[in-house]
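Please look over the sequence and the model shown below before reading on. The report that follows goes from the overall build to the core and then to the charged pairs.

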Amino acid sequence: KCHSRDNLARYDDGHGYCFGCKHYEHAEDTLMVKDGESNDLSEEDKPKRDFIKGDYKPITSRHISESTCRKYGYTFGNYYNPKTKETESCHIAPFYDAVEGNLEGQKMRFTDKNFSWIGNSDLLFGRNVHGSGKYIVVTEGELDCLAVAEVCNCKYPAVSLANGSSSALKTMKAELKWLEDNFDVVVLMFDEDDAGRKAVAEVAPLFTKGKCVVAKLSEKDACEMLKKGKAEELAKAVFTAKPYRPQGIVTLGDIKD
């Protein structure tokens, strides 16, 4: 994806991972190209994306209802785990094209927290669910997105990054115009850890002044808030989020005493 010649690791099962842009390539989407050859393929020659079908059910351990999963197309099925090299049960998160709304990618999450992909991995999860609104919440992961949707009864748009905090800057640059044109307030609800704070510092300055705010959580992420019975606090965090302020910067109000 980043056109590097030496950042991609190709594993013996065909899967690939780029240590430069964090792009993950499923074996079925791989087409090896020799040096000097063109990688511009005809429609007939492009790798086929055989998306898998899953079933809807609630995520009881996370207190997320089946209706919320249905709203976001989040299902459960079986797929090949590249780590264990076995077909295992997994969560299936769909990713849709921003323009025409076609299914472009699926992300499989296994119980060992390993992931696998079919198709495009450079999209926002939940992008197709809501077209516009006053608020939109951006989280790091699909389960965090579903947790926010759950406490807000799916009334307020929520989306998530496809590959966590490491993909934040690249993804948000690509989605910046859509976010600014269609929503009054963009709420960043990234994880409360060093990686999440670093991602906020990279992403927040991209937005027009006053457009982007940052939510503060008392647990690591939105999913943990819901698991620990803090649904009301999580919902409140969306509307009490404050504009991003670089570390060390204070206002006159902070030091008036």
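## Terms and overall build

A residue is called buried under 20% relative accessible area, exposed over 50% and partly exposed in between, using a 1.4 Å probe and protein chains only. This is a predicted model, in which local features need pLDDT of at least 70 and side-chain atom pairs count only at pLDDT 80 or more, while totals for chains, interfaces and linings use all residues. Residues are numbered from 1 along each chain as its sequence is written, and side-chain values use heavy atoms, with hydrogens and water left out.

The protein chain has six helices and twelve strands, which are DSSP runs (H or I of at least four residues for helices, E of at least two for strands) numbered from the N terminus. Of its 257 residues, 45% are buried.

## The nonpolar core

A nonpolar core is a set of buried Ala, Val, Leu, Ile, Met, Phe, Trp, Tyr and Cys residues joined through side-chain atoms within 4.5 Å. The largest one holds 41 residues, and Tyr74, Val187 and Met189 touch the most other members. Several elements each supply at least two residues of this core, including strand E10 (183–189) and helix H2 (142–151), and H2 gives the most, with seven residues.

Helix H2 is largely enclosed by the rest of the structure, because nine of its ten residues are buried; among them are Leu143, Cys145 and Val148. Just after H2, Asn153 takes a positive phi of about 55°.

## Helix H3

Thr171 lies in helix H3 (residues 168–182) and is buried, with a relative accessible area of 7%. Leaving aside residues up to four places away in sequence, Thr171 touches Leu124 and Leu161, where contact means heavy atoms within 4.5 Å.

Asp181 and Lys177, by contrast, are both exposed. They form a salt bridge, with their closest N and O atoms 2.6 Å apart; the term stands for a side-chain nitrogen of Lys or Arg within 4 Å of a carboxyl oxygen of Asp or Glu. Because these two residues are four apart in helix H3, about one helical turn separates Asp181 from Lys177.

## Other salt bridges

The structure holds 15 salt bridges. In helix H4 (residues 194–203), Glu202 and Lys198 are also four residues apart, and their side chains meet in a salt bridge at 3.0 Å, N to O. Lys198 is exposed at 52% relative accessible area, whereas Glu202, at 31%, counts as partly exposed.

Lys228 and Glu219 are joined by a further salt bridge (3.2 Å, N to O). Glu219 counts as buried at 17% relative accessibility, while Lys228, at 49%, counts as partly exposed.
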